[in-house]
Structure formats: structure tokens, C-alpha cells
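Dear colleague,

Please find below the structure that I am handing over to you. My findings follow directly after it.

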Amino acid sequence: MSQIQQISGPGIPLIGDDIDTDRIIPARFLRCITFDGLGEVVFQDDRAQMQGEHPFDQPQYQAARILVVNGNFGCGSSREHAPQAIARWGIQAIIGESFAEIFFGNGIAIGLPCVTASRETIKTLQRAIAANPQIELTLDLNTLTVQWDGNTNEIHLGSGAQQMFTSGTWDSCGQLLQGVDSIRATAAQLPYLQF
């Protein structure tokens, strides 16, 4: 199991409330059998409309690891492809004012921390990143802080989600694989599995 305690790297600001999952990954890309390649088409329609001006197309943000968003991010349909596409683009954590509940849960399921911060902190972060895209952000899930350029601000994450990331129990498949011998032993004793 993989513990996620700290994420560091450049940020990318994405300004706007109510950015829904259809904007994150348009429905026509949901027919895939695997999530491979979804990073290339994340925000595809928004990017096409903005003709190279979308943050995910701008060269100064191509090394970004932490996405900074506003309120109600990931609302709309419950497609798990949305956090998958963001993660496969290269994002390792998201800091926002608030997240849609299903998007948040889908993020946890793939090891993508979605933490919240105050509106003031988010705006300050977005301005700082826009002014200097190379600044290093450090998101610490143990201390629940985000640090950058000599600044430290509080972030929020429920204690259950925090414990899952810091202990590595967010990875349910990994937990199953670790216990495969125990699972086989239990299954061998179940009378309804005997043939």
C-alpha cells in the first residue's frame, strides 16, 4: 500500500466555480475500456474553445502537480473518468474551495487528495501561481498545511480521508492483494464455495 503524506511541485490555477465532470472529461471519451490516454483529452472542449489559452495548454504549467480550483469542483455526473483524466495529465493533488461529494470519493479511490482551503487562500494561491508558475507548493497531509514561497496556510481534509492517505489504506485493491492468502484460506472454509 502506498502512503500519501506530502505532495510537492508547481501548481496550476483553474479559475471558476461549478466546473463539472462533463467539462473535465466530455462524455464522448467515456467509451474507453481503460483510462489510458484520458490525460490527453482532459478539459478537451474548454481547451478547444480557449485556443491555447487554457491553463492545461499553457507551457508554463506543463510541469504542474497541484491543481488549485474554486468552489463545487467536479459537480455534475458521477463519472470516475474525471479524476482519472486529471491524474493522468499529471496532477497529484487538488486544492479547492469545495468539491462535489462523488468527485471527492472518486479522487480518494485513485489516491488523488482533494483538500479544501478558504476562499482567500485559494485566491492568493491562484494569484501567486499565475505570477510565478515555477513556485514550489508543498501539500502536507500530516500537518494539513500548504506551503509556498515562505507562506503556510491551513488546508482541510476529513480525518477519515486523511488517515486513509497517510496510512495507505486508500488503495482498496492493494489491501485485497496484501490479504490474498487470508482471503483464499477463508474462501476454502466456506461450504457454499465447495464444489
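In this predicted model, the buried residues of helix H4 pack against helix H1, helix H3 (81-89), strand E4 (93-96), strand E5 (114-116) and helix H6. Helix H4 itself spans residues 101-109, and its buried residues are Phe103, Asn106, Gly107 and Ile108. An α-helix has 3.6 residues a turn, so residues three or four places apart point the same way. Just after H4, Gly111 adopts a positive phi of about 80°.

Phe43 is buried, its relative accessible area being 0%. Phe56 has a relative accessibility of 1%, and because buried means under 20%, Phe56 counts as buried too. For Phe99 and Phe103, the ring centres are 6.3 Å apart and the planes are at 5°; planes under 30 degrees apart count as stacked, and therefore this pair is stacked. Phe99 and Phe103 are both buried. One aromatic cluster is formed by Phe43, Phe56 and Trp89.

I turn next to the sheet. Four strands make up an open sheet in the order E1-E6-E7-E8, and their pairing is antiparallel. Which strands stand at the edges? They are strand E1 (6-9) and strand E8 (151-154); each has a single partner strand, so one side of each is left without a neighbour in the sheet. On average, neighbouring strands of this sheet are turned by 15° against each other, direction ignored.

The pairing of E1 with strand E6 (residues 137-140) is antiparallel and extends over four bridges. Within it, Ser8 has Thr138 of E6 as its bridge partner. Helix H5 (residues 119-131) packs on the sheet, where it touches E6, strand E7 (145-148) and E8. The direction of H5 makes about 30° with that of E7.

At the other end of the strand order, E7 and E8 run antiparallel and are joined by four bridges. Gln147 has its bridge partner, Thr152, in E8. The hairpin of E7 and E8 has two residues between the strands, and Asp149 in this hairpin takes a positive phi near 45°. In a regular strand the side chains alternate between the two faces of the sheet.

Gln163 is located in H6, which covers residues 159-167. Gln163 and Asn142 are 21 residues apart in sequence, and their C-alpha atoms are 8.9 Å apart in space.

Yours sincerely

Terms used. Residues numbered from 1 in each chain as written. Predicted model: local features only at pLDDT ≥ 70, side-chain atom pairs only at ≥ 80, totals over all residues. Heavy atoms only, no water. Pairing = 2+ DSSP bridges. Axes fitted to C-alpha atoms, helices over the stretch in contact; angles between N-to-C directions. Contact = heavy atoms within 4.5 Å. Buried < 20%, exposed > 50% of the residue type's maximum accessible area, 1.4 Å probe, protein only. Phe/Tyr/Trp six-rings, centres within 6.5 Å; stacked < 30°, edge-to-face > 60°.
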